[in-house]
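Take a look at the structure first, and then we can walk through it together.

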Amino acid sequence: MHNKTIAEISAGLKAGKFSSEELTQDLLARIDRIDGKLNSFVTVTAEQAQAAARAADERIKANKATPLTGVPIAHKDIFCTEGVKTSCGSKMLDNFIAPYNATVVERMHAAGAVMLGKTNMDEFAMGSSNETSFYGAVKNPWDLERVPGGSSGGSAAAIAARLVPGATGTDTGGSIRQPAALCGVTGLKPTYGRVSRYGMIAFASSLDQGGPFARTAEDCALLLNAMSGFDGRDSTSIDKPVPDYTATLKDSIAGLKIGLPKEYFSEGLDAGMAQAVEQAIDVYKSMGCEIKEISLPNTHLSVPAYYVVAPAECSSNLSRFDGVRYGYRCENPSDLTDLYERSRGEGFGSEVKRRIMIGTYALSAGYYDAYYLKAQQIRRLISDDFTQAFADVDVIMGPTSPTTAFKLGEKTDDPVSMYLSDIYTIAANLAGLPGMSIPAGFSNGLPVGLQLIGNYFDEGGLLAAAHQYQQQTDWHTHTPQGFA
Amino acid sequence: MSLTNEEVKKIAHLARLRVNEDDLPTYAGNLSGILALVEQMNNVDTQGIVPMAHPQDASQRLRDDVVSENDQRERFQAIAPQTEAGLYLVPKVIE
């Protein structure tokens with residue numbers, strides 16, 4: 001039962017082949033049995049899940065079901081869930097029971113999806129390996145000595161291990177696409193403003209965007225249908241109608257113009273990765289797509305600009321954690337400054353502290369123009385590269401990450417080398433464009449992700465391109481050994 | 001840009017973060033490395049380029065000036081470390 005996709009589950013529930021309660025029990029038991037090896041969940045909400053599953057079964061009987069009614073999902077622990085611990089992977093929020101639901105959670109709940117629990121993540125979504133979590137690293141199901149990627153590593157690993165068919169994630173610099181690639185699953189980062197950020201704990205507000213993970217593009221389309229749309233409670237939400245993303249999955253992609261940025265195939269790209277990506281491009285050629293080499297000349301500036309913009313916004317966003325209103329408070333503070341400094345010093349891990357300090361420095365008096373303003377100008381250059389590219393091509397493709405999953409501990413002592421693992425994903429966040437990662441083969445037994453970047457609000461186009469690739473290939477159906 | 005231990009200490013204080021003395025050299029090394037990465041931006045002439053604050057250059061939406069939030073003090077204070085009579089408690093500020 002755990003091998004079914006969301007589309008299959010949805011059809012099976014509707015046809016009465018099994019109930020949501022049976023499926024939910026089955027997956028909860030599987031999580032209980034297997035997740036000790038992976039650490040992909042921070043919290044499992046078994047009782048709520050069973051109640052939600054029973055309610056979903058009633059709703060299906062009453063013919064009031066949506067395609068997600070009764071479908072088990074998990075939420076990244078960055079989304080506020082009313083009455084359920086929402087830790088954001090941090091000691092700071094280890095005791096935080098969210099008093100309200102994020103819009104994404106509310107919408108999935110309204111659609112009838114059954115939440116099985118909250119998935120592990122890098123602390124405050126800051127990391128590319130899931131090793132900065134207060135709850136310990138998540139292991140990659142393809143090789144338990146390797147990282148699942150980050151920051152949404154728990155969601156990606158849980159799907160790869162068949163613990164849950166779909167999950168939410170967030171992507172600030174690649175945090176959906178990179179773990180999707182490293183775990184061999186499908187993930188989509190929507191256009192900035194497509195999915196509400198309300199109740200999604202803020203890291204870098206001008207970059208953060210929630211999105212779905214699943215095994216197939218079709219499942220991502222079903223999840224995105226439920227998640228997307230305008231929300232007055234998010235001041236940067238875009239008021240634009242949401243199309244039915246499942247309706248366009250089969251639209252012909254013959255004649256689709258695919259741009260390959262030469263900067264994404266240069267030094268630093270692992271040879272096995274390059275080979276797998278080239279083979280994926282050949283599949284698109286055989287489907288009648290037109291391939292064109294393009295250039296995104298400012299790509300090399302995306303990591304430097306990101307490590308000003310993201311830390312600057314994080315230093316401001318995370319100032320709310322003060323040990324006064326909620327979250328961790330230190331023991332016996334001697335005065336107010338001591339309370340602030342020790343609550344934050346003890347509550348945050350070292351990667352979060354590094355980023356807060358970089359941001360504080362970049363925003364401090366006399367440095368604003370040299371860092372933040374300069375980075376926002378570079379951001380414009382990067383965005384202009386994409387505008388030019390999309391004048392000639394419909395979709396941009398390349399590798400999602402420069403290497404396959406690396407070893408646990410390999411990059412933890414060197415923040416800069418860790419940051420460079422997001423070199424192909426960050427630019428889409430700076431420009432606010434939608435992007436996907438889909439399984440495209442293996443290199444030395446580890447999954448390779450193909451990245452697709454689309455024009456603003458072209459999630460439908462990306463999903464169609466991804467879906468049709470998945471009709472021609474079976475990479476997305478491979479299961480890690482021991483998790484079949 | 002290379003940061004000294006003293007500078008790191010000052011930045012940590014500005015950010016209201018207590019950092020152990022023993023950890024200062026590691027932070028100084030890491031932060032200097034990150035700043036060196038960031039400073040690759042200086043090789044680009046950005047004169048006259050309009051900074052980009054929002055991916056779609058959208059501006060902040062305005063809403064009608066009406067009450068949109070109810071009072072939920074009790075609910076929100078239920079998760080606070082220390083409260084009394086509807087107020088958040090902190091160590092004495094004024095002697």
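The expected span of a helix is 1.5 Å times one less than its number of residues. Helices (H or I, at least four residues) and strands (E, at least two) are DSSP runs, numbered from the N terminus. This is a predicted model, where local features need pLDDT of at least 70, side-chain atom pairs count only at pLDDT 80 or more, and totals for chains, interfaces and linings use all residues. Residues are numbered from 1 along each chain as its sequence is written, chains are lettered from A and ligands numbered from 1 in the order in which they are written, and side-chain values use heavy atoms, leaving out hydrogens and water.

**The sheet**
- In chain A, 11 strands make an open sheet of mixed pairing, in the order β1-β3-β2-β4-β6-β5-β10-β11-β9-β7-β8 (two strands pair if DSSP finds at least two bridges between them).
- β1 (41–44) and β8 (290–294) of chain A each have a single partner strand, so one side of each lacks a neighbour in the sheet.
- Strands β9 (residues 395–399) and β11 (residues 446–454) of chain A run antiparallel, joined by 5 bridges.

**Helix α9**
- Helix α9 (residues 302–317) of chain A has 16 residues and should span 22 Å, which agrees with its end C-alpha atoms being 22 Å apart.
- Because 15 of its 16 residues are buried, α9(A) is largely enclosed by the rest of the structure (buried means under 20% relative accessible area, exposed over 50%, partly exposed in between, with a 1.4 Å probe and protein chains only).

**Its contact with α12**
- Residues of α9(A), including V308(A) and A312(A), meet residues of α12(A), among them Y372(A) and I378(A) (contact means heavy atoms within 4.5 Å).
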